[in-house]
Amino acid sequence: MHTQRNVTGSYWLRTAPGPDRPALSEDIDVDVAVVGAGIAGLSTAYELARAGLGVAVLEAGRVAAGVTGYTTAKLTAQHTLVYDRLRRTRGPEGARLYARSQSEAIEHAAALVDELGIDCEWETRDAYTYVRGRARVDELRAEAEAARNAGLPASFTMETGLPFPVAGAVRVTGQAQFHPVKYLRAITDDLVARGGRVYEGTRVVGLQEGGEPCRLTTESGHTVTARDVVIATHYPVFDRALLFARLSPRRELVVAGPLNDAPDPEGMYITPEENTRSVRTAPYGADGQRLLVVTGEHFTPGTGDVGAGFDTLARWAEEHFPGMSPDQAWATQDNDATDTVPLVGPFHPGARHTYVATGFGGWGLSGGIMAGLLLTSLITGRDCPWRELYDPRRLKSVVREAPSLLKTQAEVARHLVGDRLKPPGSVDDLEPGDGTVVRVDGRRVAVHRDDEGNLHAVSARCTHLGCLVSFNRAERAWECPCHGSRFAVDGTVIQGPAVRPLEPRDL
């Protein structure tokens, strides 16, 4: 059994609320329409506005309040254990281009912070990937060599600032951490000052791209006409290139709290062991206090005991940083590309004016800024050295990633079919705050009992591709295990790729 941990919401969003932006209330015509106001979408829109184009950003929720607002907020080119794999699958040049593109993204963000005077708690830190078991030390040595050969200031070490011993670590110097929402608030303000338009509460539900220009349709029925369209919704809300088959959603938990008397590790750390552990600190209050942010316990949305995962992560933080007391908790969501490289570029083989940015695999801050630079070069007709590396249309990569792709789709099929064979739950057994899927007149119905005992019933079929949703008690949300769509207890969409709510049902 576990205690029900209070999910407080993202620290980054609570400490940088920002102004409300209007919803789209009329048909508009722009040079480029960007769907999604996370770091990828806003970085793209901002670079396009700086290039002199008329841009509109369409966000279903609020600026930076999707995945970007729930990140651990590391800005680094060290992405756990990626370079040795890239060296084998994409060759030394592919690994070098990956390192260069991610590093230039960080340098570009640093330059914007200086140019605009952004107060976003920017700090230069070294990044470490570590292991505690000796079985994976050789893997880390190979990663350090591959990262160094790719051009990063990387080395193998056994010395870290962590308050426990490690068997080995890859250290990359001169990386960064910051407050991502404060950064994006400032970028958005400057984007608007340059003539860009940002609309919140504006969900895009339709895309017409057969001719020129493109047309987007919003949930309220308004139309956006644009020469070019960028889909930057984390998980694409449209699929014109079977990208759903090449992405695997992954949800991760976060706990945070003041360090108190625990030592500051003074770096950014991650390990592939222990179901992932990611550690960093941030400025917190007065007197030089620091906030410890710990991420891990990843799982597929709609599966697992989320409350128990929060407890496990909190106990780990308390055990390894004595004196630290976790008092905040939230969760984030990532999409892993089956070949580990993000998909940024033309939306599909026939695309001429539609683009996508997705599959950042937990490294969406440097990846999102990189995507903004890459997509701007494509739209404005400039060359970019790493355009082929990230091109979603890469055919050789599809062949190489076939085993991962088949594994991902087998998991989707298992949920699509297997979840329908599970025995239905019972409303009578439903405790306040919980939810279950029951059968009513032959149909599956998702039922939640609120804290007052009232029942809320909606269709249990995800409006994306029809998988059955499952209840996340800790976060009070319905989640689809197939592609990661998330819904509130009243059926409204929290997170795509679904764009339509779960329909109400009568019990």
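Which residues of helix 2 and helix 6 meet? The legends below take up this contact and several other close-up views of a predicted model, in which local features need pLDDT of at least 70, side-chain atom pairs count only at pLDDT 80 or more, and totals for chains, interfaces and linings use all residues. Residues are numbered from 1 along each chain as its sequence is written, and side-chain values use heavy atoms, with hydrogens and water left out.

**View 1. Helix 2 against helix 6 (residues 180–193).** From helix 2, the residues I39, L42, A45, Y46 and A49 meet Y183, L184, I187, T188, D190 and L191 of helix 6, where contact means heavy atoms within 4.5 Å. Helices (H or I, at least four residues) and strands (E, at least two) are DSSP runs, numbered from the N terminus. The two axes come within 10 Å and cross at roughly 35 degrees; axes are lines fitted to C-alpha atoms, for helices over the stretch in contact, with angles running from 0 to 180 degrees between N-to-C directions. The crossing of helix 2 with helix 6 is left-handed, a term used if the near helix is turned anticlockwise from the far one by less than a right angle, whereas clockwise is right-handed. By class, this contact has nine nonpolar residues, one polar and one charged, with Ala, Val, Leu, Ile, Met, Phe, Trp, Tyr, Cys and Pro counted as nonpolar, Asp, Glu, Lys and Arg as charged, and the others, Gly among them, as polar.

**View 2. Helix 2 (residues 39–50) against helix 8 (residues 364–379).** Here the axes come within 8 Å and cross at roughly 35 degrees, and the crossing is right-handed. Helix 2 contributes I39, A40, S43, T44, E47 and L48 to the contact, while the residues from helix 8 include G364, L365, G368, I369 and A371. The contact of helix 2 with helix 8 divides into nine nonpolar, six polar and one charged residues.

**View 3. The ring pair of Y128 and Y269.** The structure holds 11 aromatic pairs, a pair being rings of Phe, Tyr and Trp (its six-membered ring) with centres within 6.5 Å, where planes under 30 degrees apart count as stacked, over 60 as edge-to-face and the rest as tilted. The rings of Y128 and Y269 are stacked, because their centres are 4.7 Å apart and their planes lie at 10 degrees. This pair links distant parts of the chain, with Y128 in strand 4 (residues 123–131) and Y269 in strand 12 (residues 268–271), 141 residues apart. Y128 is buried at a relative accessible area of 8%, and Y269 is buried at 0%; buried means under 20% relative accessible area, exposed over 50% and partly exposed in between (1.4 Å probe, protein chains only).

**View 4. A ring cluster, and a charge over a ring.** Y130, F164, W316 and F321 are linked into a cluster by ring pairs. In a separate detail, the charged end of R141 sits over the ring of F156, 4.0 Å from the ring centre; the wording applies if NZ of Lys or CZ of Arg is within 6 Å of the ring centre and within 35 degrees of the ring normal.

**View 5. R125 in strand 4.** The C-alpha atoms of R125 and M268 are separated by 6.7 Å, although these residues are 143 residues apart along the chain. Leaving aside neighbours within four places in sequence, R125 is in contact with G174, Q175, A176, Q177, E266, G267, M268 and R290.

**View 6. T276 in the loop between strand 12 and strand 13 (277–283).** T276 is buried, with a relative accessibility of 13%. Not counting residues up to four places away in sequence, T276 touches E252, I270, T271, T295, G296, E297 and H298.

View 7. T80, in the loop between strand 3 (74–75) and helix 3 (83–89), has a phi near 55 degrees, a positive value in a residue other than glycine, and is buried at 17% relative accessible area. E121, in the loop between helix 4 (91–116) and strand 4, also has a positive phi, near 55 degrees, and is buried at 18% relative accessibility. G496 and P497 are joined by a cis peptide bond with omega of about 25 degrees, and P497 is found in the segment after strand 24 (493–495).
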